[in-house]
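Open the model in your viewer and keep the selection tool at hand. The tour goes stop by stop.

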Amino acid sequence: MLFDLLRPAIFALDPERAHTLTVAALKHLPPGRKPAAGPLATEVAGLTFPNPVGLAAGFDKNGEVPDAMLGMGFGFVEVGSITPRPQEGNPKPRLFRLAEDRAVINRMGFNNPGIDAALKNIALSRRGFAGVLGINIGKNKITANDQAINDYLTCFRKAYPVADYIAVNISSPNTVGLRDLQKPEAAGHLLRRLKE
């Protein structure tokens, strides 16, 4: 009902501006409650998900409000994609509403403050309860693919003590050449190094 009242004002704003204001507002919400395990609670790889509905990377790109989102009942929250160094992402406009389809097209391009700033944001956002937190990592746009492993290793080492799981993003179509890392030899080498 609240969204129905706010929708006209939100939709009058540029989509990226609306998103930025939403994240800023979420920072000021009182702490929510950790979602209780329901009938669809699942254990995967030693992690207990209270429910299978999670918030994917892309909404909280900078790790500013993971606990606010967990407090809304998500079974897990994944922040990012985060790169080793800050980057601006793609030129604006880069977020587009498809109002009729109730969807958006995201061509953001890994805009983020870098792994160190994101981890500080995550530490500041913690509100006294822990839910399942994923951190999605990627390579910087300026990093050549033959050097990409260093970007992933940097992020992985720094995120490991904080994250419950780490997602390795090699699929974004918004970073030139990134999907070349999906080739079996490249992906195998990257995953072996990360596992080591």
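Start with the open sheet: four strands in the order 3-4-7-8, with parallel pairing. Helices (H or I, at least four residues) and strands (E, at least two) are DSSP runs, numbered from the N terminus. Two strands pair if DSSP finds at least two bridges between them. The model is predicted: local features need pLDDT of at least 70, side-chain atom pairs count only at pLDDT 80 or more, and totals for chains, interfaces and linings use all residues. Residues are numbered from 1 along each chain as its sequence is written, and side-chain values use heavy atoms, leaving out hydrogens and water.

Now select strand 4 and strand 7. Six bridges join them in the parallel sense. Pick glutamate 78: its bridge partner in strand 7 is glycine 134.

Move to helix 5, residues 148-159. Its twelve residues reach 17 Å from first C-alpha to last, close to the 16 Å expected at 1.5 Å a residue (the expected span is 1.5 Å times one less than the number of residues). Helix 5 lies across strand 4, strand 7 and strand 8, and runs at about 160° to strand 7. Axes here are lines fitted to C-alpha atoms, for helices over the stretch in contact (heavy atoms within 4.5 Å), and angles run from 0 to 180 degrees between N-to-C directions.

Which residues of helix 5 are buried? Select Ala148, Ile149, Asp151, Tyr152, Leu153, Cys155, Phe156 and Ala159. Buried means under 20% relative accessible area, exposed over 50%, partly exposed in between (1.4 Å probe, protein chains only). Their cover includes helix 4 (115-125) and helix 6 (184-195).

Show the aromatic side chains. There are three aromatic pairs. Rings of Phe, Tyr and Trp (its six-membered ring) pair if their centres lie within 6.5 Å; planes under 30 degrees apart count as stacked, over 60 as edge-to-face and the rest as tilted. Phenylalanine 76 and tyrosine 165 are edge-to-face, because their planes stand at 70°, with centres 6.3 Å apart. This pair links strand 4 to strand 8, 89 residues apart in the chain.

Then select phenylalanine 156 and tyrosine 160. Their centres are 5.8 Å apart and their planes at 35°, so the pair is tilted. Tyrosine 160 is exposed, at 57% relative accessibility.

Last stop: strand 5 (residues 95-98) and strand 6 (residues 103-106), antiparallel over four bridges. Leucine 98 stands opposite alanine 103. In this hairpin, with four residues between the strands, arginine 102 has a positive phi near 55°.
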